[in-house]
Amino acid sequence: MENFEQLRTVKFYSGEVTPLEMHKVRVVQKLNLLPIEERKESIFGAGFNTFLLQNKDVYLDMLTDSGTNAMSDNQVAAMSVADDSYAGSASYTKLEKAISDVFNQKFFLPVHQGRAAEHIIAKSFCKPGTVVPMNYHFTTTKAHIEMMGSAVEEIYTDEALKTKSSFPFKGNMDINKLNRVIEKWGAENVAYIRFEAGTNLIGGQPFSMANLREVSAIAKTHGIMVLMDISLINENLYFIKVREEGYQNKPIKDILHEMLSYTDFSYFSGRKVSCTRGGGICTNNHDIYMKMRDWVPLYEGFLTYGGMSVREIEAMSVGLYETLDFNVISHSPTFIKYLVDSLDKRGIPVITPSGGLGCHLDAGQFLSHIPQTQYPAGALAAAMYICSGIRGMERGTISSVRDENGDDVLADVELLRLAFPRRVFTLSQIKYAEDRIQWLYDNRHLVGGLEWTEEPPVLRFFVGKLKPIGDWVEKLVAKFREDFGDSL
Ligand code: F0G
């Protein structure tokens, strides 16, 4: 265990800075790379929405890191000793112990995935006339809070939305904005303050311990609860350890416990943090626990499984302990840094500094000729798939909503997220992504916008369908053939 706590990198004799896998591959899945003409057909079939592609038609699935991470040998082994019982499962007792050891939290409510925790939290604490200030929203989080009639106020710092920056903690909250929100709404109407670790929608950017400590102190003086979304805690933890003064030599467990000591409760998507499925809500406060407890059997399942299979529960316990392993939590950020730094050096617009979760291309800059109402991030996601078979995710105006007049609420940033599922891809696959991004950037003038053909009213990005405006896809495919001959 002590080895994991050391901040150590392997130096190459050549001086090259290369991330190194600290694991070996023992189970593999065959991948397909379709010819570009078939990729073109697939994206038309999917309504230019990468969520609707079939995985068999995808080469590198960089849609998300949710439920797609590699499990360790110990996690897989744990699944075979699961104790199948509806109530009082021994697997669940192990999970409670892991929650206590790893997160230092006494009470736990299991749920089937992260958004189910958001549902139960919003149902228990949000109501009309209240507000939830947060560093940045996540799509499902915001939808659950607003469905309960509460408002969301984002209080990110000026650095957060700068796509090019060297600020190490773009996930921080702006303290002045926080004070203003509390003054405007009244402390009694602040349902809770929500900190999202590894702020998803602004590029997997972390917050600092100093900022968390300060926000927590303000919350305490006003009697406001602090909630932390710890779905992406692994990478936030890594960044505090490597980027924040005073934490380099602290054990990961101590950093994690300190982070959670500033919260009243927290929740996670096990699809991310523990490389499994499932999720849960943690707290040390019995009253907070009791306010939520009875919703779990109603919406999720009995209190000793919460909608998860016992096999997932076993793997989750092991996965949570593995978050204390520096080799585990540093894998994604170092691979992401490799790609981000390389693209940045080539002048390709990408969110900097590199964060956790994935490499985020700045589609607003990349395709600056496409207006936001024609969805540059969606167009870039489609073009990326067409030219490489790589599936990323639109994180821009398509992921937003319409206002009461039916106009698009334009996203603050137009991003194409290329997620890095933990310990899944090799360096040569990342180099392939790098190469195809360069090609696409050199041919960006060929890419055009998108328009809706089917637009669902809620969370439209999941299943909505679009089509290209004009014949840009044909032109892009023709240029690919010209440059790559009969290569895939
Ligand atoms: N919170 C954060 C920060 C997330 O990134 C997610 C999911 C959730 C909550 C919801 O968890 O999916 O288990 O219900 N993010 C996924 C993604 C969907 O692709 O970024 P869930």
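Which residues does UniProt give for the feature "domain: Aromatic amino acid beta-eliminating lyase/threonine aldolase"? The UniProt record, an unreviewed entry, places this feature at residues 61-433. Keep in mind as you look around that the model above is predicted.

Side chains of opposite charge can pair when their charged atoms come close. The structure holds 29 salt bridges.

Now turn to helix H2 itself, which packs against H17. Two packed helices are described by the angle between their axes and the distance between the axes. For H2 and H17 the angle is about 150° and the axes are 7 Å apart. An angle over 145° counts as roughly antiparallel, so H2 is roughly antiparallel to H17. On the H2 side, Ile36, Arg39, Ser42 and Ile43 make the contact; H17 brings Ala382, Tyr385, Ile386, Cys387 and Ser388. Sorted by class, the residues in this contact of H2 with H17 are six nonpolar, two polar and one charged.

H2, which covers residues 36-45, also packs with helix H20, residues 472-484. Here the angle is about 160° and the axes lie 10 Å apart, and the two helices are therefore roughly antiparallel to each other. H2 passes H20 in a right-handed crossing. From H2 the contact uses Ile36, Glu37, Arg39, Lys40 and Phe44, and from H20 it uses Val473, Glu474, Val477, Phe480 and Arg481. The residues of this contact of H2 with H20 divide into five nonpolar, no polar and five charged.

Another helix pair to find is H7 (residues 175-185) with H8 (residues 209-222). Their axes come within 11 Å and cross at roughly 20°. Angles under 35° count as roughly parallel, so H7 runs roughly parallel to H8. The crossing of H7 and H8 is right-handed. Ile175, Leu178, Asn179 and Ile182 of H7 touch Asn211, Glu214, Val215, Ile218 and His222 of H8. By class, the contact of H7 with H8 comprises five nonpolar residues, three polar ones and one charged one.

Finally, let us look at two details of the backbone. Most residues other than glycine have a negative phi, and most peptide bonds are trans. The peptide bond from Thr352 to Pro353, however, is cis, with omega near -5°. You can find Pro353 in the loop between helix H15 (326-345) and strand S8 (358-362). Arg423 is not a glycine, yet it has a positive phi of about 60°. Look for Arg423 in the loop between strand S10 (415-419) and helix H18 (427-442).

How values were computed
Residues are numbered from 1 along each chain as its sequence is written. This is a predicted model: local features need pLDDT of at least 70, side-chain atom pairs count only at pLDDT 80 or more; totals for chains, interfaces and linings use all residues. Side-chain values use heavy atoms; hydrogens and water are left out. Axes are lines fitted to C-alpha atoms, for helices over the stretch in contact, and angles run from 0 to 180 degrees between N-to-C directions. Helices (H or I, at least four residues) and strands (E, at least two) are DSSP runs, numbered from the N terminus. Angles under 35 degrees count as roughly parallel, over 145 as roughly antiparallel, 65 to 115 as roughly perpendicular and the rest as oblique. A crossing is left-handed if the near helix is turned anticlockwise from the far one by less than a right angle, and right-handed if clockwise. Contact means heavy atoms within 4.5 Å. Ala, Val, Leu, Ile, Met, Phe, Trp, Tyr, Cys and Pro count as nonpolar, Asp, Glu, Lys and Arg as charged, and the others, Gly among them, as polar. UniProt positions are given in the numbering used here, feature names are shortened, and annotations may be inferred rather than shown by experiment. A salt bridge is a side-chain nitrogen of Lys or Arg within 4 Å of a carboxyl oxygen of Asp or Glu.
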